[in-house]
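Have the structure open and follow along.

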Amino acid sequence: MPVEIAVVGAGTMGAGIAQLALEHGHPVRLIDLDPAATARAGALIAERLTRRFSQQGLIGPELADRRAGTLERLVLGADPEEAADASIVIEAVIESLEVKQALFARLAAATSPDALLATNTSALSVRAIATAASRPERVLGLHFFNPAPVMALVEIVSGPLTDPAVAERGAALVTGWGRTPIRCADRPGFAVNRVNRPFTIQALRLLESGAADISTIDGAVRAAGFPMGPFELMDLVGIDVNLATATAVWEGFGRAARFSPSPIQAELEAAGRLGRKTGRGFYRYDPSGTNLGPAPGFDRAVPGGRTPPGPESIVARIRLAIVSEAYRALEEGVAADEATIDLALRLGAAHPEGPFAWAHSRGLSRVGAELDAPATAEPDAFSGA
């Protein structure tokens, strides 16, 4: 019988990881200090399993029996110590180092010495989290992407204290779940959230400068083959979640200016405008999540007297910044090679092609010249997608 999985944190990611484990036959214990959160997660998992099994062609009693049998393996809990019997524990709580360290200290004390302890952090140091555990060598990063039951990529992050055998166990687990594991060094943001950070940062810089509005930017990016634009993506993920990741990467790199979060995100978070989940972020949404158009304040036109950049220029500015970060990450050994980073961005961030593939198709000499251009260059200085 598959090993027991404990997932600590019953938010969107925790519920998704728990569902994925259930679908692959594991008994799962989903734990959260807030009983209301676990109740919501349990209901969400049941709803998604119904949809999933329907898509597989199950109907009527057959569907009901399959769902009931799957949910029988799900136990809801409220105390991290309830993970004591699990062979694998995956943490999916808020992106706070202090919270995660306190949790891992408790998990290390409660679980067996050979239990695998994984953090789903998207940007924080795995080493820093592991230092709180009594046996830090059994701690690693298993970074899933949202929605976990759908997204194919999982980043396997080994901190300097992680036992290589533990990383192998983690990779084998997610491979068995039909996911593609990529190995990442323990650097802020790992591969995807580090290299893809300019996708939203550059869009926000364009908005801040008045060069283009959100609909123009999102439309240009979609036309280039991306499934959604930067502002649509931030609303989907949650303004608060995106800002937490952006802040963690910025802090992790000593507050480097290129990673500086936008004050626009902080203002939206303070106003409770977090995107789809609150009905308003950069866009407005109806109760079903349908986009009703830009929210007030984000439908403004380009200031008079200035020619707005064309779609190709908007996309080129964003992609060039991503390419620049991809080369930095490669030089630092965040991932093994160009192909790994390209795969990570395609599977984890839905890029139509990876940054290195795009740079090669554009021409490396041209890309080099564009990257050497002044950082203050106008967006329309970058032509052609």
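This is a predicted model: local features need pLDDT of at least 70, side-chain atom pairs count only at pLDDT 80 or more; totals for chains, interfaces and linings use all residues.

## Helix pairs

Helix α1 covers residues 12-23 and helix α2 covers residues 35-55. Their axes come within 10 Å and cross at roughly 50°. Angles of 65 to 115 degrees would count as roughly perpendicular, and those under 35 as roughly parallel. The α1 and α2 helices are therefore oblique to each other. The crossing of α1 and α2 is right-handed.

Now move along to α9 (residues 214-223) and α10 (residues 230-237), whose axes are 7 Å apart and meet at an angle of about 100°. That makes α9 roughly perpendicular to α10. On the α9 side you'll find I214, I217, D218, V221 and R222, and they meet P230, F231 and E232 of α10. The residues in this contact of α9 with α10 split into five nonpolar, no polar and three charged.

## The cores

Which residues touch the most other members of the largest nonpolar core? They are V89, F231, F282, F298 and I341, in a core of 69 residues. Pick F282 and look around: leaving aside neighbours within four places in sequence, F282 is in contact with L204, L207, I214, F231, M234, D235, I239, I264, L268, P294, A295 and F298.

Not counting residues up to four places away in sequence, F53 touches L58, L63, R66, R67 and T70.

A133 sits in the loop between α5 (126-130) and β6 (139-144). With 7% relative accessibility, A133 also counts as buried, because the cut-off for buried is under 20%. Leaving out neighbours within four places in sequence, A133 is in contact with F104, A108 and V139.

Here is how each of these two residues pairs up with a residue elsewhere in the chain:

| Pair | Apart in sequence | C-alpha to C-alpha |
|---|---|---|
| F53 and A64 | eleven residues | 9.2 Å |
| A133 and F104 | 29 residues | 5.5 Å |

A few loop positions are worth a click. N146 and P147 are joined by a cis peptide bond, with omega about 0°. P147 is in the loop between β6 and β7 (153-158).

Next come two positive phi values. R255 has phi near 60°, a positive value in a residue other than glycine, and R255 is in the loop between α11 (239-252) and α12 (263-270). A350 has phi near 60° too, again a positive value in a residue other than glycine. You'll find A350 in the loop between α14 (338-349) and α15 (355-362). Its relative accessibility is 31%, so A350 counts as partly exposed.

Definitions and conventions: Residues are numbered from 1 along each chain as its sequence is written. Side-chain values use heavy atoms; hydrogens and water are left out. Axes are lines fitted to C-alpha atoms, for helices over the stretch in contact, and angles run from 0 to 180 degrees between N-to-C directions. Helices (H or I, at least four residues) and strands (E, at least two) are DSSP runs, numbered from the N terminus. Angles under 35 degrees count as roughly parallel, over 145 as roughly antiparallel, 65 to 115 as roughly perpendicular and the rest as oblique. A crossing is left-handed if the near helix is turned anticlockwise from the far one by less than a right angle, and right-handed if clockwise. A nonpolar core is a set of buried Ala, Val, Leu, Ile, Met, Phe, Trp, Tyr and Cys residues joined through side-chain atoms within 4.5 Å. Buried means under 20% relative accessible area, exposed over 50%, partly exposed in between (1.4 Å probe, protein chains only). Contact means heavy atoms within 4.5 Å. Ala, Val, Leu, Ile, Met, Phe, Trp, Tyr, Cys and Pro count as nonpolar, Asp, Glu, Lys and Arg as charged, and the others, Gly among them, as polar.
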